[in-house]
Amino acid sequence: MIQWFPGHMAKAIRQFEENIHLVDIVFELVDARCPFSSINPEVARISQGKPRLMILTKADLANPNITNQWLSYFKNQGYAAIAIDSKKNTTGKYITKVVKDLLADKIDDAKERGFDKKVIRAICVGVPNVGKSTLLNQIVKRRAAQVGNRAGVTKGQQWLKSSDELELLDTPGILWPKFQNDDIANKLAMTGAIKDSIYHSDDVGLFALHFFRNTNPKELIDRYHLSEDDMELSDVDLLLKITKKVGMQDDYERASMRIILDSRKGKIGRFTLDDVNDLSTEEEE
Ligand SMILES: Nc1nc2c(ncn2[C@@H]2O[C@H](COP(=O)(O)OP(=O)(O)OP(=O)(O)O)[C@@H](O)[C@H]2O)c(=O)[nH]1
Ligand SMILES: [Mg+2]
């Protein structure tokens, strides 16, 4: 079972608890490719009572129909929820509008009490690599926070100011001490929330392969020049076949990492690992 809960995450959670009273709203970022598995249970516990906006990031990489199903699900649960692509320059403006609409009563209140503007403070939290810093950079319209394509780029909290009366607290990615099951761990690893050196690439690679052969078979065949017959192979034999096809002889661990990286780049098609319809069974586990 994969576990990754280093000291800096425990510290980041403590700082989140210390700072929650400073903010008007919590941006709870989850990955649109696994919007359920990337929910950090610590966020609900710590932000109790504060308005929360659930933001499904990387929607450009996820299956759009399933993203809509998840948005409906979260809205039914009483959440304000939106899906975004932070690569788009319009995303910052869109979020600013959503936040001001959500907090309209509070803003009006401040105006009635004679303040000509109300500064809105938000804290941005979520699993590593989910796109917290990228999103905040879009809102403040400059590269104020460091971003990077690996888990654990942001090391400490940092306030960013936008010209639209928003003050935003960027935070390091946080996980939780024990994943509920292997599926959740595999999904987080596959989508890049867990440092790559923590898990066995073949475990996660096989998990990815098993998923793609069922949901995106055409893209899988195209990407690795497979035949229809190859799709009859067992998962392990299919991995060995792909290992040869990508010219890695029998280094199936390296080939597994290749599959994982290809999937993150969208090269095996858009996908969503969490199925809304599975939820009732997951909750029973
Ligand atoms: N395709 C796509 N990529 C995104 C999106 N948002 C962020 N990314 C990419 O995801 C990677 C991680 O982004 P960051 O903003 O550094 O993520 P973070 O949540 O701040 O990560 P930590 O600080 O490590 O916790 C970067 O390579 C971004 O370019 C998105 O909406 N779509
Ligand atoms: Mg960051």
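A residue is counted as near a molecule or strand if its C-beta atom, placed from the backbone, lies within 6 Å of it. The views below show a predicted model, in which local features need pLDDT of at least 70 and side-chain atom pairs count only at pLDDT 80 or more, while totals for chains, interfaces and linings use all residues. Residues are numbered from 1 along each chain as its sequence is written, and chains are lettered from A and ligands numbered from 1 in the order in which they are written.

**View 1. The surroundings of ligand 1.** Ligand 1 is surrounded by 24 residues, of which G131, T134, N149, T154 and G173 are the closest. Helix α6 (residues 132-140) supplies the largest share of this shell, namely three residues; helices here are DSSP runs of H or I with at least four residues, strands are runs of E with at least two, and both are numbered from the N terminus. By class, the shell holds eight nonpolar, 11 polar and five charged residues, where Ala, Val, Leu, Ile, Met, Phe, Trp, Tyr, Cys and Pro count as nonpolar, Asp, Glu, Lys and Arg as charged, and the others, Gly among them, as polar.

**View 2. The crossing of helices α7 and α8.** The axes of α7 (residues 182-190) and α8 (residues 201-215) come within 10 Å and cross at roughly 95 degrees; such axes are lines fitted to C-alpha atoms, for helices over the stretch in contact, and angles run from 0 to 180 degrees between N-to-C directions. The two helices α7 and α8 are therefore roughly perpendicular, a term that covers angles of 65 to 115 degrees. N186, A189 and M190 of α7 make the contact with V204, F207 and A208 of α8, two residues being in contact if their C-beta atoms, placed from the backbone, lie within 7 Å. This contact of α7 with α8 has five nonpolar residues, one polar residue and no charged ones.

**View 3. The crossing of helices α8 and α10.** The axes of α8 and α10 (residues 235-245) come within 10 Å and cross at roughly 100 degrees, which makes α8 roughly perpendicular to α10. On the α8 side, G205, L206, L209, H210 and R213 meet D235, V236, L238 and L239 of α10, and the contact has five nonpolar, two polar and two charged residues.

**View 4. The meeting of domain 1 and domain 2.** The protein chain is divided into domain 1 (7-170) and domain 2 (200-279), with bounds that come from an automatic or database domain assignment. Although their C-alpha centres lie 32 Å apart, 14 residues of domain 1 are in contact with eight residues of domain 2.

Key:
Angles under 35 degrees count as roughly parallel, over 145 as roughly antiparallel, 65 to 115 as roughly perpendicular and the rest as oblique.
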